[in-house]
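Dear colleague,

Please find below the structure that I am handing over to you. My notes on the whole chain and on two of its residues follow it.

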Amino acid sequence: MPTEPLSQKEIEDRLRELPGWSLAGDRIERRYRLGDHFAATAMVVHVAQIQQELNHHSDLTLGYNTVAVSVNSHDAGGAVTEKDFALATRVEEIAPGHGAS
């Protein structure tokens, strides 16, 4: 069964629960700032582990002391779905442990 896209209102309501996350085109995204490159790299590895557990993968961009996460659901035609918010929520849960803001 295919994943169902969320409506614009559903996306806006869910984004209110995830400060720092925003809608950019057909994706939800957030950029984190960390203490240094090693901390940012460790966070990327942790996010990759979560993605494997959920079998849902985002675009991750590693900078010197930044990590950017951008996600939508390919199996829903590139729309935002509940799967994207499940991933975003898990990333939010682990971010403080990496010193991300």
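Two residues are in contact when heavy atoms of theirs lie within 4.5 Å. Among contacts in the chain between residues at least 6 apart in sequence, 67% join residues at least 24 apart.

This is a predicted model, in which local features need pLDDT of at least 70 and side-chain atom pairs count only at pLDDT 80 or more, while totals for chains, interfaces and linings use all residues. Residues are numbered from 1 along each chain as its sequence is written, and side-chain values use heavy atoms, with hydrogens and water left out.

The whole chain

The chain has 3 helices and 4 strands (DSSP runs numbered from the N terminus: H or I of at least four residues for helices, E of at least two for strands). Along the sequence they follow the pattern α-β-β-α-β-β-α. The radius of gyration is 13 Å, close to the 13 Å that the globule rule gives for 101 residues, so the chain is as compact as a globular protein of that length. Here the radius is taken over C-alpha atoms, and the rule is 2.2 Å times the number of residues to the power 0.38. The C-alpha trace spans about 40 × 25 × 20 Å along its principal axes.

Of the 101 residues, 45% count as buried, that is, under 20% relative accessible area with a 1.4 Å probe, protein chains only. The accessible surface of the chain (Shrake-Rupley method, 1.4 Å probe) comes to about 5,600 Å², and 54% of this belongs to carbon and sulfur atoms.

Threonine 3

Threonine 3 is placed in the segment before α1 (8-16). With a relative accessible area of 18%, threonine 3 is buried. Its side chain makes a polar contact of 3.0 Å with the side chain of aspartate 75 (a pair of N or O atoms within 3.5 Å; within protein, one must be able to donate a hydrogen and the other to accept it, and residues adjacent in sequence count only if both atoms are side-chain atoms). Not counting residues up to four places away in sequence, threonine 3 touches Asp75, Ala76, Thr81 and Lys83.

Alanine 79

Alanine 79 belongs to the loop between β4 (66-71) and α3 (82-94). This residue, too, is buried, because its relative accessible area is 18%. Beyond its neighbours within four places in sequence, alanine 79 is in contact with Pro5, Asp26, Asn72, Ser73 and Asp84. Its C-alpha atom is separated by 25 Å from that of isoleucine 94, 15 residues apart along the chain.

Yours sincerely

Notes
Buried < 20%, exposed > 50% of the residue type's maximum accessible area, 1.4 Å probe, protein only.
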